[in-house]
Amino acid sequence: MKFLTLSSVLVFVFSASTINVSAQQGRPNTTNLTCQQAKSIVDQAGSIVLSTGPRTYERFVKNRSFCSLSETTFRMTVKSRDSNSCFVGFICRFARSDSGN
């Protein structure tokens, strides 16, 4: 029978508490940031999920290289601390087919 050592138990407890703290911190919320701050976050990360309100979020990308091959980009504006229509980057969506398929 295998016994857990005190150090392995402590490592597990520490790891679990670190994950919980990270989950509580959440993602940046565009309504708490200036437009320039929100845009800078997307530019620096390339691809990031931002909260856009109390219960809404979206994945924003710097350019199409952060989308899958079958997706295209669409300009996206959000509400920020200093603007009701702040362009922060693009969102990736599947391109619509003109053939109706």
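1. Cys 67 and Cys 92 form a disulfide, with 1.9 Å between their sulfur atoms. The model is a predicted one. The torsion about this S-S bond is -80°, which makes the link of Cys 67 and Cys 92 left-handed. Distant parts of the chain are joined here: Cys 67 sits in the loop between β2 (57-61) and β3 (71-78), Cys 92 lies in strand β4, and the two are 25 residues apart.

2. Are Cys 67 and Cys 92 buried or exposed? Both are buried.

3. A disulfide also joins Cys 35 to Cys 86, S to S 2.1 Å. This pair, too, links distant parts of the chain. Cys 35 belongs to helix α2 (residues 35-45), and Cys 86 to strand β4 (residues 86-94). They are 51 residues apart.

4. What is the handedness of the link of Cys 35 and Cys 86? It is right-handed, with 90° about the S-S bond. The link of Cys 67 and Cys 92, at -80°, is left-handed.

5. Why does Cys 86 count as buried? Its relative accessibility is 0%, and buried means under 20%.

6. How many disulfides are there by the distance rule? The count comes to two. Number the bonded cysteines of the protein in sequence order, and the pairing reads 1-3, 2-4.

7. Strand β4 deserves a look on screen. Cys 86 is in strand β4, bonded to Cys 35 of helix α2. Cys 92 is in strand β4 as well, and its partner Cys 67 is in the loop between β2 and β3.

Technical notes: Residues numbered from 1 in each chain as written. Predicted model: local features only at pLDDT ≥ 70, side-chain atom pairs only at ≥ 80, totals over all residues. Heavy atoms only, no water. Disulfide = S-S within 2.5 Å. Helix = DSSP H or I, 4+ residues; strand = E, 2+ residues; numbered from the N terminus. Buried < 20%, exposed > 50% of the residue type's maximum accessible area, 1.4 Å probe, protein only.
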